[in-house]
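Colleague: I have a few questions about the fold and the contacts here. Could you put the model up before we start?

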Amino acid sequence: MAQIDAFNLSLHYPLTGGADRDINAGREPDSIVTVGRKKYILALRDVTFSIQKGQNIGLVGRNGSGKSTLLRVLGGIYTPTSGQVVSTGKISSLYGMNLGIQPDATGRENIVFRGIIKGWSREELKERIPEIIAFSELGDFIDLPLRTYSDGMRMRLLFAIATCFAPEILLLDEWIGAGDANFQKKAGQRMNDLVDEAGITVVASHNRSLIQNVCELGIWLDKGIMRAYGPIADVYKEMDAHFAKADA
Amino acid sequence: MLDSQNYRQVQVKQQSLSGFSMQPKAAFNDIVQGALLWRVWLSLSWQEFVSTYRRSLIGVFWVMLSFAAFVFIKLTIFSSLLGADDVRYYDAYLVIGFFMWVYSQQVIMTAPDTFVSASGWIRSEALPLSTYIYKMVMREIYNLLFTFVVVIVALMYLQYPVDIKALYAVPAILFLLLNAFAIKLLLGIIGARVRDISHLVKAIMLPMMFLTPIFWMPSQMPNLMKVLWWNPLFHAIEIFRAPILDGTFPTESWIFMGVVFAIVSVSGFLLFSRLRQRIVFWF
């Protein structure tokens with residue numbers, strides 16, 4: 001029974017490694033704060049929402065609006081500076097195609113690593129591997145190192161791994177960039193299946209047609225502030241109106 | 001709808017960062033939970049170890065071969081150069097000491113990269129951070145085991161008499177593994193935050209090879225040893241070398257290493273208690 005509740009989430013992203021010196025250039029000054037001697041980006045500000053089972057949520061907003069940060073907070077990677085997330089359900093996430101992989105290992109080995117991390121037993125692994133290979137349509141490539149894969153192939157494999165074990169909560173960050181139309185359709189279908197089984201999917205993407213196809217609900221983030229939350233069409237309408245005014 | 005101007009007055013206070021205070025219990029939990037994920041760090045470390053030699057003809061045996069070649073050249077050059085009285089004793093001294101040196105050097109030089117080299121995993125999987133420390137310690141154990149084969153072969157070739165008291169080297173090696181974990185915890189955190197540390201450590205370790213008695217014996221340079229006695233690497237090597245070489249238990253070196261371990265592990269743990277949740281933001 002999946003459920004995600006976020007209460008007053010705020011995240012101060014520390015600026016380190018020389019970024020603190022020149023970050024002010026080109027950024028809105030009101031998204032940077034200084035606490036003590038340190039500078040932080042206000043990556044999320046007081047975000048509150050509640051996602052129920054069977055909902056597909058699209059995270060929308062411009063670059064640097066906090067979409068990826070929010071997904072990482074939901075996945076337990078980032079600890080918020082204040083507020084909290086209460087979620088119920090097995091989480092599976094896909095934050096990027098270059099993260100959480102061993103490029104020198106084969107596709108098959110990478111399935112095993114991911115499976116072990118998720119705590120699958122030997123038997124479950126044995127059972128899942130053929131299924132993942134079939135869904136990713138990689139064929140013989142599965143026994144070649146991941147670094148030889150194209151973006152599309154890598155995406156197909158990672159998506160297949162992330163979704164094969166019927167996760168109750170699926171977090172996807174800009175995953176659809178690669179992959180052909182055929183696979184996109186298949187992936188969209190799998191996401192819908194997941195939601196039909198009372199799961200939750202949260203997708204961050206700039207691809208409007210994808211979001212509109214798979215998500216009924218949307219969250220619009222702008223400089224870390226949740227500006228709109230509701231039916232996806234309304235969220236886009238509000239966002240477009242805002243930026244039309246702002247850019248004019 | 002939130003207004004960003006009003007928001008700043010409400011939210012931007014010192015207390016809002018209180019989520020990052022000292023959390024020793026959570027830090028301890030991380031270290032325990034990481035250990036329980038042995039399947040993860042065993043498989044990842046083995047894959048990384050093997051993939052270094054993948055596509056090469058003799059594969060992982062390069063570890064042994066390169067170490068053996070080094071040992072052989074050192075033996076032929078140094079044992080005649082230094083004109084040691086007992087050549088066999090000196091050769092065994094060099095082989096065992098150099099074996100421990102190679103391991104210690106590797107442990108320390110890779111320590112600042114413990115978390116940096118795992119950043120892709122840290123940024124995508126909510127695993128205990130200690131998992132990546134175990135992974136690195138494990139990976140270096142593989143190297144240790146392969147090179148140890150060369151040590152055994154060399155000692156047999158030298159027909160060096162080894163006493164039953166050589167078994168004191170077993171607790172020594174286990175203790176050094178514990179030390180490796182502590183060093184990686186401490187330097188891993190510092191090295192992730194301050195990237196100069198990785199370069200600094202590498203710069204220090206090169207001259208340390210000559211400042212640690214591996215090629216020369218403390219008895220040959222008594223004056224220098226008064227200063228170099230404070231070199232922890234000497235004691236790290238000594239607790240392993242002395243039992244095999246002389247059949248003795250080097251109490252002094254064990255105490256020294258005990259103090260080193262206490263300092264490193266306590267400071268590493270305190271840093272970890274404070275910064276564990278922040279490390280992910282440093283990549």
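Colleague: What share of the contacts in chain A with a separation of 6 or more comes from residues 24 or more positions apart?

Modeller: This is a predicted model, in which local features need pLDDT of at least 70 and side-chain atom pairs pLDDT 80 or more, while totals for chains, interfaces and linings use all residues. Residues are numbered from 1 along each chain as its sequence is written, and chains are lettered from A and ligands numbered from 1 in the order in which they are written. Two residues are in contact if their C-beta atoms, placed from the backbone, lie within 7 Å. Of the contacts in chain A with a separation of 6 or more, residues 24 or more positions apart account for 73%.

Colleague: What is the radius of gyration of chain A?

Modeller: The C-alpha trace of chain A spans about 50 × 40 × 35 Å along its principal axes. The radius of gyration is taken over C-alpha atoms, and the globule rule is 2.2 Å times the number of residues to the power 0.38. For 248 residues that rule gives 18 Å, and chain A is close to this, so it is as compact as a globular protein of that length, with a radius of gyration of 19 Å.

Colleague: Is Asp30(A) buried or exposed?

Modeller: Asp30(A) lies in the loop between helix H1 (19-22) and strand S2 (32-35) of chain A; helices (H or I, at least four residues) and strands (E, at least two) are DSSP runs, numbered from the N terminus. A residue is buried if 20 or more other C-beta atoms, placed from the backbone, lie within 10 Å of its own, exposed if 12 or fewer, and partly exposed in between. Asp30(A) has 12 other C-beta atoms within 10 Å, so it is exposed.

Colleague: How do H4(A) and H5(A) lie to each other?

Modeller: Helix H4 (residues 122-136) and helix H5 (residues 151-164) of chain A pack at about 135 degrees with their axes 8 Å apart; the axes are lines fitted to C-alpha atoms over the stretch in contact, and angles run from 0 to 180 degrees between N-to-C directions. Angles under 35 degrees count as roughly parallel, over 145 as roughly antiparallel, 65 to 115 as roughly perpendicular and the rest as oblique. H4(A) and H5(A) are therefore oblique.

Colleague: Which helix gives the most to the side of chain B that touches chain A?

Modeller: In all, 32 residues of chain B are in contact with 35 residues of chain A. Helices H1 (4-11), H3 (38-53) and H6 (119-122) of chain B are the elements that give two or more residues to that side. With six residues, the one that gives the most is H3(B).
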